[in-house]
Amino acid sequence: MKKFFTLMLMLGVAWMASAQMLDPAKWTYKVTYPNETEAELVFTAQLDEGWHLYSQRTDPNGPIGISFEFNKTGDYELVGGVREPNPHEEFDKDFNCTVRSFSGKVVFRQKVKRLAEKNFTVTGTFSYQLCNDGSCIAPDDRDFSFKVNGAAGAEPVAATGDGNNDTAVASDVAPAQTDTAVVAADEPTTSAEPEGKEGKSLLALFFGALLAGIITMFTPCVFPMIPMTVNFFMHSSDDKGKNRRQALFFGGSIVFMFAVLGAILTLFLGPESLNLIATHGIPNLIFFIIFFVFALSFFGLFEIKMPEKWVNASDAQADKGGLMAPFFIALTTVLVSFSCTGPIISAALVELATSTTNRWVNLVSMLGFGIGFALPFTLLAFFPAVLKNMKSGGWLNSVKIVFAFLELAFGLKFLQMADLYWSWRLLDREVYLALWIVIFGLMGFYLLGKLKFKGDEEVKQIGVLRLFFAIASLSFTVYMIPGLFGAPLNGISGFLPPMHTQDFNIEKIVVQNRGAATSTVSYDGIPADRKYADKFHEPLGYQGFFDIEEAKAYARQTGKPVFIDFTGINCNNCRLMEQYVLSNQEVKDFMNEHYVFCELYCDMNAIDLPEEEWVKDGDRVIKTLGRRNLFYQRTHYNMNAQPYYVIIDVDGKQLTKENYAYNPDPAKFLDFLKEGVECYEARR
């Protein structure tokens with residue numbers, strides 16, 4: 001009985017050790033035969049809940065997409081590229097690009113032309129990155145093998161491959177060239193998660209646009225029209241019921257006009273067009289010009305309005321009366337108010353287009369905007385007594401000027417996108433912040449009555465609401481000032497250019513000056529000629545190694561333990577840990593005092609290793625830096641996801657009871673570091 005419990009304990013320990021290795025993608029393979037000369041190789045992945053696989057067509061600046069390589073033989077030739085289902089598309093602010101991903105069940109297909117009469121085998125490799133909300137798994141080669149019937153109609157053979165074998169294909173076999181992937185719309189993913197997210201997103205967009213439409217009522221072009229327009233319905237007939245029906249038809253006509261505009265935009269701006277808007281320099285430059293022109297108009301330099309012929313023609317039709325009179329009054333209202341609604345609609349559509357790739361965004365947002373725009377007119381036609389308490393005045397012009405400042409500020413976002421696209425370096429982070437500080441500072445002074453524009457009345461006293469807006473604007477201005485010296489400003493980081501574009505960063509300068517004492521070493525005696533120091537950069541304020549053997553050798557000299565950061569260039573959660581945890585000053589000080597810092601990038605497969613550093617993994621030979629670091633993580637710590645943090649001594653023995661995965665809590669991370677030091681001191 002004792003032996004039985006011992007055996008069960010050993011099995012439990014073994015299971016717990018193996019449970020750390022993540023394998024969220026289960027692959028199966030099969031072959032189909034669409035005609036006498038071709039075969040179709042079908043790769044099917046079943047992803048665990050919450051995990052995502054990335055498209056072959058995802059942006060190069062984003063996560064690493066799946067890629068396929070086929071070993072060339074004379075038995076077949078590829079027909080086109082690997083076809084994939086329609087991906088879920090979403091603009092990611094951290095990567096600053098559109099990310100295309102799959103979840104649930106995903107099917108990839110590759111057609112081949114059968115050239116051999118006898119049965120043959122198609123082999124090759126594919127690699128991909130997987131991510132969830134807490135970690136990423138760096139891409140590694142996975143082998144595949146398909147047994148295919150010969151073209152002469154030989155006896156059928158069973159397809160092979162369960163997606164989990166480790167049989168390697170000889171590494172010196174040249175990979176086949178593949179064509180650009182073609183999207184197969186008839187093979188959707190089965191996960192409902194992206195659809196749910198899109199549904200929630202569209203609902204949020206609708207209510208946001210509804211609110212924008214209501215806010216439009218307080219612009220100087222629309223507000224004065226409310227009593228004039230509603231007055232028509234109050235005096236056109238003594239029949240209150242008829243007047244209210246006309247008011248409803250009037251409001252419905254406005255909604256209809258905006259919905260038609262949204263439908264037209266939907267037809268012309270599909271997902272690919274929205275992706276182009278989000279990433280390409282030319283659309284972003286055009287949008288900046290639009291925002292800038294509207295801002296100048298709001299400041300009073302000139303007025304943007306519809307051609308008078310259009311307005312007069314619509315007004316003439318409204319004067320004829322009849323059932324269509326409310327429709328033409330609605331059309332006149334929409335045309336006359338264009339000089340104020342145009343900038344808001346443009347700003348909303350551009351912002352929405354760059355934050356989502358759902359093709360229905362324009363229809364939903366314009367429908368919501370139309371309802372919000374029409375709602376005040378319709379309600380006031382039902383309750384005309386409310387008009388007595390509504391007075392226009394100089395405050396309308398103040399609203400317009402505030403809109404002008406906001407148009408100018410948010411227009412810079414699109415200019416910086418174009419600046420990044422063409423690498424002009426005209427709008428680096430500190431320049432962008434300086435402009436925002438000036439814009440919001442001037443807006444605050446304007447709200448306090450210290451600036452005056454065309455159409456403004458003299459500000460004799462400051463109202464409470466205006467005062468609070470001024471406080472908010474000036475407080476935001478003060479909040480941004482430390483960003484000029486390198487502060488991260490996490491609250492608005494999605495609007496700012498990347499940190500690496502900032503030339504003046506106090507912390508960076510201090511670190512560099514500390515290492516300038518000698519020409520051959522960096523600060524704290526770390527060699528300047530360490531491996532890969534010309535290719536990678538540690539988080540700001542850290543100096544360390546990118547090779548584990550160099551780190552352990554240096555640890556022997558200094559008598560410190562080694563902190564290993566398993567990370568990736570394309571690992572979003574790794575960047576979040578750097579932003580929220582490693583940048584914490586207490587963490588940074590403790591790390592630099594007690595540890596040798598070592599970063600191992602597990603997705604840098606573009607860096608080839610010298611032959612003497614190649615590693616054998618069964619029958620496979622690992623020849624790239626990223627795969628070697630991933631192999632080290634898998635074999636030593638039974639983990640393949642990043643970020644992942646390990647503390648070891650100079651002999652490579654783990655010091656802490658548990659390693660640290662993604663958890664952006666600086667206090668818990670600091671406890672992890674302290675545990676490592678205590679264990680290291682106890683073993684000495």
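Hi everyone, let's start with two residues: F563 is buried, and Y645 is buried too. Buried here means under 20% relative accessible area, using a 1.4 Å probe and protein chains only. Before I go on, this is a predicted model, where local features need pLDDT of at least 70, side-chain atom pairs count only at pLDDT 80 or more, and totals for chains, interfaces and linings use all residues. Residues are numbered from 1 along each chain as its sequence is written, and side-chain values use heavy atoms, with hydrogens and water left out.

Y660 and F669 make an edge-to-face aromatic pair, 5.1 Å centre to centre with 90° between the planes. For ring pairs, the centres of Phe, Tyr or Trp rings (for Trp, the six-membered ring) lie within 6.5 Å; planes under 30 degrees apart are stacked, over 60 edge-to-face, and the rest tilted. Y660 counts as buried at 8% relative accessibility, and F669 is buried at 0%.

How many aromatic pairs does the whole structure hold? The search finds 51. Back to our opening residues: the ring centres of F563 and Y645 are 5.7 Å apart and their planes meet at 20°, so this pair is stacked. F563 sits in strand β14 (residues 562-567) and Y645 in strand β19 (residues 644-648), so the pair ties together parts that are 82 residues apart in sequence. Strands here are DSSP runs of E, at least two residues, numbered from the N terminus.

Ring pairs also build a cluster, and its members include W27, F43, F70 and F108. Those names come back in the largest nonpolar core: of its 54 residues, W27, F43, F70, F108 and I564 touch the most other members. Such a core is a set of buried Ala, Val, Leu, Ile, Met, Phe, Trp, Tyr and Cys residues joined through side-chain atoms within 4.5 Å. Strand β2 (residues 38-47) gives the most to this core, with five residues. Apart from it lies another core, of 29 residues, including F291 and Y446.

Y446 also has R466 over its ring face, 5.6 Å from the ring centre. Likewise, K623 lies over the face of W614, at 4.5 Å from the ring centre. The test is NZ of Lys or CZ of Arg within 6 Å of the ring centre and within 35 degrees of the ring normal.

Q129 lies in the loop between β9 (120-127) and β10 (130-131), and its side chain reaches the backbone nitrogen of I64 at 2.7 Å. Thanks, everyone!

Conventions: Helix = DSSP H or I, 4+ residues; strand = E, 2+ residues; numbered from the N terminus. Buried < 20%, exposed > 50% of the residue type's maximum accessible area, 1.4 Å probe, protein only. Polar contact = N/O pair within 3.5 Å; in protein donor to acceptor, adjacent residues only side chain to side chain.
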